[in-house]
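Let's walk through this model together, one question at a time. Have the coordinates open as you read.

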Amino acid sequence: MNLVKVQYENIMALDSIVTEETVKVEMWCMDNIKKDYADVFQGDGCLEGAYRMEADPKVTPVKVPKRRVPVGMVAPLKAELSDLQQRGIITPVDCSTEWISSLVIVRKPSGNLRICIDPRPLNRALKRCHFPLPTIDDILPDLSRAKVFTVCDLKNGFWPVTLDEESSYMTTFTTPYGRYRWLRMPIGISPTPEVFQRKLSQALEGLQGIYVIADDILITGEGETLEKANQDHDDKLRALLNRCREKNIKLNAEKFQLRRSEVPYIGHLRTADGLRVDPEKLFKFTNQICNG
C-alpha cells in the first residue's frame, strides 16, 4: 500500500558500522595479545627432549646423488641455507654419513623458499612410535556447549622437535654448497606426526577446553551467555599463552583466528550450533572432481 518506505541504504550503513566496530574490537584484542606475549610469536621454539630415530638394521642405507638446482634458485637457496644455519635448524656436514637424502625446494606463495628433503629411502628403514593421532570425531562430544572459538597453529611445522646427534646425521642431504644435516625434525620423516603430537600434547597437558590435532590448536569458550562464554574463552587462551611461554612453544600470529562464533578446523567448520563441512574445502574438492 506504499505506507511504509524501507531505507535500505541506512540499513547497509548500520550493518557496515557494526562490522567495522567488530573488526576494531577484534584487532584491538589481537594487538594486545601480540604486545603482552610478543615472545610467544617470535623465534622458532623448541619442545623438550631430543628425539632419537630408530632404524631397522636390515635395511641397507642409501646415498642419493645430488639433484640439479634450477639456475634461478641457486642464489635464493644459498641465502635460505645460511638463514637456517644461523637459526640452528641445519648445520654443515664434513664427515662420511651412511644416509644421504636428496634436496627438495618448494617456492612458497610469498616467493620465499622452503627447504625439504626427499626421505623416501630413509622412511623405509625408520620405525614408527605408533602414538594415537586424534581426529575431529574424538573431540566432538566435548564441544557441544562451546560458543566461542579461537584457532591458532605452531610456527614452522615440525621444527620444534629437536633430533639427537645420531638421528641428525641420518637426515644428511646434498646441496650445491655441500652437505647439511637437520638439527630439527624435517618435513616428510615418517615418525614425525606421532612424535610431534606426543610432545605437543605432553607440553599442553592439563589445559581445559584446549584441543590439539597436528599443529592446529583450538581454544573454546563455554557459558550460559555469550559474555560468560567470552570470559571463559579468554581465561583459557591466557592459560595457553602462559604455557607456550613456559614451554618455549611459538605460535603463528598471521594465522591467529581470535574469538569467533565459527572457525575452520581440520577440514570442518566448527560453530556454536555444531559442526559443518568447511565450504571452502568442499569447493576445492568439487573442483578437483570436476577437473578430473
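Q: Which residues line the largest cavity?

A: This is a predicted model, in which local features need pLDDT of at least 70, side-chain atom pairs count only at pLDDT 80 or more, and totals for chains, interfaces and linings use all residues. Residues are numbered from 1 along each chain as its sequence is written, and side-chain values use heavy atoms, with hydrogens and water left out. On a 1 Å grid over the protein atoms alone, a cavity is a set of points where a 1.4 Å probe fits but cannot get out, and lining residues have an atom within 4 Å of a point. The lining consists of Val-62, Val-64, Trp-99, Ile-100, Ser-101, Asp-118, Pro-121 and Leu-122.

Q: How does the lining of the largest cavity divide into nonpolar, polar and charged residues, and what space lies inside?

A: Ala, Val, Leu, Ile, Met, Phe, Trp, Tyr, Cys and Pro count as nonpolar, Asp, Glu, Lys and Arg as charged, and the others, Gly among them, as polar. On that basis the lining has six nonpolar residues, one polar and one charged. Volume here is the space filled by probe spheres set on the grid points, which are joined across faces, edges and corners. For the largest cavity it comes to about 30 Å³.

Q: Which residue forms a salt bridge with Asp-44, and how far apart are the closest N and O atoms?

A: A salt bridge is a side-chain nitrogen of Lys or Arg within 4 Å of a carboxyl oxygen of Asp or Glu, and the whole structure holds 13 of them. The partner of Asp-44 here is Arg-87, at 2.6 Å. The two sit 43 residues apart, Asp-44 in the loop between helix H1 (8-36) and strand S1 (50-51), Arg-87 in the loop between helix H2 (71-86) and strand S2 (90-93); helices (H or I, at least four residues) and strands (E, at least two) are DSSP runs, numbered from the N terminus. So, for the record, the answer is Arg-87, with the closest N and O atoms 2.6 Å apart.

Q: Is Asp-44 buried or exposed, and why?

A: Buried means under 20% relative accessible area, exposed over 50%, and partly exposed in between (1.4 Å probe, protein chains only). Arg-87 is partly exposed because its relative accessibility is 31%. Asp-44, at 14%, therefore counts as buried.

Q: What sequence separation does the pair of Arg-52 and Glu-166 tie together?

A: These two form a salt bridge with the closest N and O atoms 2.5 Å apart. Arg-52 lies in the loop between S1 and H2 and Glu-166 in helix H5 (residues 165-170), so the pair ties together parts of the chain separated by 114 residues.

Q: What end-to-end distance do the C-alpha atoms of helix H7 show?

A: The expected span of a helix is 1.5 Å times one less than its number of residues. H7 (residues 226-247) has 22 residues, so it should span 32 Å. The distance between its end C-alpha atoms agrees with this, at 31 Å.

Q: Which residues form one aromatic cluster?

A: Rings of Phe, Tyr and Trp (its six-membered ring) pair if their centres lie within 6.5 Å; planes under 30 degrees apart count as stacked, over 60 as edge-to-face and the rest as tilted. Of the five aromatic pairs found, one is stacked: Phe-173 and Tyr-180, 6.1 Å centre to centre with 25 degrees between the planes. Phe-173 and Trp-182 are tilted, at 5.7 Å and 35 degrees, and both are buried. The cluster is made of Trp-159, Phe-173, Tyr-180 and Trp-182.

Technical notes. 1 Å grid on protein atoms, 1.4 Å probe; cavity = no way out; pocket = protein on both sides within 12 Å on 5 of 7 lines; lining within 4 Å.
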